[in-house]
Amino acid sequence: MNRFFKKVYEYINPSVNPDLAPAFDEWQKHIPTLWLLGKTGAGKSTVIQAITGSSQVEIGNGFQPCTRTASLYQYPADNPLVSFLDTRGLAEASYDPAEDIAICSGKSHALIVVMKAEEPEQLSVLDALKAIKRSGKIKHLLVVHTAVNSLSDEQERQRAITYNHQRVMEVWGVKESTWQQVTADDGLNPYHPIIVDFIPDEQQLIGLENLNTVLAETLPMLSLLSNKQAHSNREEQNFERLRKEVLWYAGAAGASDAIPAIGLFTVPAIQGKMLHSLANQYGVEWNKKDYAEFISMLGSGFLLQYISKLSVNQLVKFIPAYGQTVGSATAAAMSFSSSYAIGRAAAMYLYHRSKGETVSKELLKTTYQQAFKSVKKVAEQQVNQNKADKKDKHETSK
């Protein structure tokens with residue numbers, strides 16, 4: 001192994017491990033939070049199941065109290081990428097949303113108002129919504145209508161949805177001409193009614209695609225969680241099981257790179273921990289020869305990125321990769337994207353190694369590049385939202 005590969009190996013595997021707690025803490029601070037506001041039995045579990053794709057999620061299962069009137073659920077539990085805040089105290093006359101607003105303030109977040117179509121009495125929800133609107137802290141609002149199939153008459157169903165939706169929009173200050181539009185300039189209209197309901201006879205959850213599309217625009221990280229693609233082989237199926245873990249490491253790397261004088265040391269250490277964790281999943285161990293082979297197979301784009309790190313130039317904004325310029329991507333977005341891409345490529349390399357097989361350099365390099373591109377836009381959006389959240393939190397503390 002030549003001197004350069006030895007340097008990269010030592011960079012990913014430092015002799016003295018840095019304290020990674022600040023990096024992981026920083027990432028935890030910016031995990032997107034979805035605040036579910038709705039009466040008991042409105043269908044909040046259904047909404048969470050639709051977002052996470054987990055039929056095991058139920059309100060009360062995994063939720064931990066975080067304020068006097070609300071509980072927080074993190075998904076996935078071990079390496080969370082999103083949090084759900086469930087308010088349970090709406091029916092209490094003394095309910096004050098101030099504490100719940102504080103939980104969401106300073107994070108990428110959205111408020112999801114969940115309403116059963118057959119329940120026109122929503123005074124507690126509307127009163128809480130008025131206080132939230134006055135605070136000015138919650139920027140994104142979605143309204144999800146559930147249990148629509150309990151109303152068999154189609155016209156009655158539409159009237160019920162329109163009635164509940166219009167009252168929410170009036171509180172939020174959205175004109176009727178605006179929320180009635182199905183599409184906006186950049187995709188689906190986030191203020192348009194979203195319908196999510198489970199049809200038992202057909203074992204089908206309706207409205208999932210629209211909900212995921214709108215949420216992906218509001219909270220970019222969710223687009224990666226809900227990105228379920230068809231798998232052409234066993235290796236891809238196997239990586240799907242590990243994708244959330246790789247995303248968690250990538251998010252931590254990106255968040256730590258935003259901390260002055262921290263990212264230079266923590267990003268490679270986080271990537272190293274990810275590589276070792278993946279190796280454990282496949283029942284193999286890394287050695288210097290494997291690292292050298294893996295790094296060399298990733299191509300010039302990967303090597304140039306590490307050269308920039310090794311030169312302690314964390315502010316590099318233009319790094320040649322894949323024959324094009326990354327452009328104005330921040331160091332944090334670069335660390336997020338490259339960490340995910342490294343994890344994806346490593347999973348492929350380790351899978352084939354665990355089978356006693358070889359993988360072509362061209363396939364591994366292409367896999368790295370495609371993985372990088374698949375999260376680059378989301379990483380940049382997440383970084384920008386983190387910056388905006390920090391600004392809001394700073395202004396709030398004044």
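Entry on helix α14. I looked up the span of α14 in this predicted model, and found that its 24 residues reach 33 Å from the first C-alpha to the last, close to the 34 Å expected at 1.5 Å a residue. I then asked how many residues of α14 are buried. The count is 22 of the 24, so the helix is largely enclosed by the rest of the structure. Following the chain onward, I noted that α14 is followed by Gly356, whose phi is positive, near 75 degrees.

Entry on the nonpolar cores. I looked up which residues touch the most other members of the largest nonpolar core, which has 80 residues, and listed Leu34, Ile51, Phe84, Leu211, Trp286 and Phe294. Helix α14, residues 331–354, gives the most to this core, with 14 residues. Another core, of 26 residues, lies apart from it, and I wrote down Trp35, Leu85, Tyr95 and Ala128 as being among its members.

I next took Leu211 on its own and, leaving aside its neighbours within four places in sequence, found it in contact with Val47, Ala50, Ile51, Val144, Ile194 and Val196. One of these partners, Ile51, is itself on the list of core residues that touch the most other members.

Entry on the aromatic rings. My count of aromatic pairs comes to 10. For the pair formed by Trp286 and Phe294, I recorded 5.5 Å centre to centre and 55 degrees between the planes, an arrangement that is classed as tilted.

Entry on charges over rings. I looked up where Arg344 sits, and it lies over the face of Phe239, at 4.3 Å from the ring centre. Lys133, in turn, lies over the face of Trp172, at 5.1 Å from the ring centre.

Entry on the whole chain. Stepping back, I recorded 15 helices and 13 strands in the protein chain, and noted that buried residues make up 53% of its 398 residues. Of the contacts with a separation of 6 or more, 72% are accounted for by residues 24 or more positions apart.

Key. Residues numbered from 1 in each chain as written. Predicted model: local features only at pLDDT ≥ 70, side-chain atom pairs only at ≥ 80, totals over all residues. Heavy atoms only, no water. Core = buried A, V, L, I, M, F, W, Y, C linked by side-chain atoms within 4.5 Å. Buried < 20%, exposed > 50% of the residue type's maximum accessible area, 1.4 Å probe, protein only. Helix = DSSP H or I, 4+ residues; strand = E, 2+ residues; numbered from the N terminus. Contact = heavy atoms within 4.5 Å. Expected span 1.5 Å × (residues − 1). Phe/Tyr/Trp six-rings, centres within 6.5 Å; stacked < 30°, edge-to-face > 60°. Lys NZ or Arg CZ within 6 Å of the ring centre and 35° of its normal.
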